[in-house]
Amino acid sequence: MPLQAHLGVGERDARRGHLLRLPEDLLSRWEEQVESSDALRLHKEAYGRFCEYRHSARTGQPFNEETRYNTWPLPRYYALHTLSHLLIRTIALECGYNSASLAERIYAGTEDDPRSGNLIYTAVPDAEGTLGGLVSLAEPDELWCG
């Protein structure tokens, strides 16, 4: 199934990047598969402990158990975030681009408004902001996932 990629140019500065949108049905099927997995359950529990420790250390107040998972991202966020970092590593290896000069934006949405994409873009509009070989990586043949 081919992935959709769009090369965009920031309107306010010279930053450039790739917006990658995955098919919604692909992410939905993946979410259904991992929804009841031990790995996701353990990850969610660890996230809850993180929220509690962070709150307690910062405020010194008891933690409100009812809000423990209020900011828990959807499972799709983890899939998109992992993909984003794999793409950044690939861009760095394939193009010789400094991975520290790249930034990411994850578009996972909410349960009511699911989204399915990420944006990899140059973090600063400097000499490396031209993206060089990065443009060629957005060609459909390069993005094919069979």
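Trainee: Let us take Tyr107 to begin with: how does it count in terms of accessibility?
Mentor: The general idea is a scale of relative accessible area: buried means under 20%, exposed over 50%, and partly exposed in between, with a 1.4 Å probe and protein chains only. Tyr107 counts as partly exposed because its relative accessibility is 30%. Tyr107 has its place in strand β3.

Trainee: Before we go on, what kind of model is this, and how are things numbered?
Mentor: This is a predicted model, in which local features need pLDDT of at least 70 and side-chain atom pairs count only at pLDDT 80 or more, while totals for chains, interfaces and linings use all residues. Residues are numbered from 1 along each chain as its sequence is written, and side-chain values use heavy atoms, with hydrogens and water left out.

Trainee: How should I read the confidence, and what is the mean pLDDT of the chain?
Mentor: pLDDT is the predictor's confidence in each residue, from 0 to 100. Here the chain has a mean of 77, with 74% of its residues at 70 or more.

Trainee: What does the secondary structure of the chain come to?
Mentor: Helices (H or I, at least four residues) and strands (E, at least two) are DSSP runs, numbered from the N terminus. This chain has 4 helices and 4 strands, and along the sequence they follow the pattern β-β-α-α-α-β-β-α.

Trainee: Back to Tyr107, then: which residues does it touch?
Mentor: A contact means heavy atoms within 4.5 Å. Not counting residues up to four places away in sequence, Tyr107 touches Leu19, Leu80, Arg115, Ser116, Gly117, Asn118 and Leu119. Its C-alpha atom is also 8.9 Å from that of Arg21, 86 residues apart along the chain. For the chain, 59% of contacts between residues at least 6 apart in sequence join residues at least 24 apart.

Trainee: How far is the side chain of Asn118 from the backbone oxygen of Leu80?
Mentor: A polar atom of the Asn118 side chain lies 3.4 Å from that oxygen.

Trainee: Leu80 keeps coming up; which residues of α3 are buried?
Mentor: They are Pro75, Arg76, Leu80, Ser84, Ile88, Ile91 and Ala92. These buried residues pack against α1, α2 (38-59), β3 (102-109) and β4 (114-122). By contrast, Tyr77 of helix α3 is partly exposed, because its relative accessible area is 29%. Tyr77 is in contact with Ile106 and Ala108, leaving aside neighbours within four places in sequence.

Trainee: How can I check the span of helix α3?
Mentor: The expected span of a helix is 1.5 Å times one less than its number of residues. The 21 residues of α3 (residues 75-95) should span 30 Å, and the end C-alpha atoms are 30 Å apart, which agrees. Just after α3, Gly96 takes a positive phi of about 70 degrees.

Trainee: And which residues make up the largest nonpolar core?
Mentor: In soluble globular proteins, nonpolar side chains tend to be buried together. A nonpolar core is a set of buried Ala, Val, Leu, Ile, Met, Phe, Trp, Tyr and Cys residues joined through side-chain atoms within 4.5 Å. Here the largest has 6 residues: Val34, Leu40, Tyr47, Cys51, Phe63 and Trp72. Helix α2 gives the most to this core, with 3 residues.

Trainee: What does Leu40 touch?
Mentor: Leu40, found in helix α2, touches Val34, Glu35, Trp72 and Pro75, not counting residues up to four places away in sequence. Leu40 is buried, because its relative accessible area is 14%.

Terms used. Polar contact = N/O pair within 3.5 Å; in protein donor to acceptor, adjacent residues only side chain to side chain.
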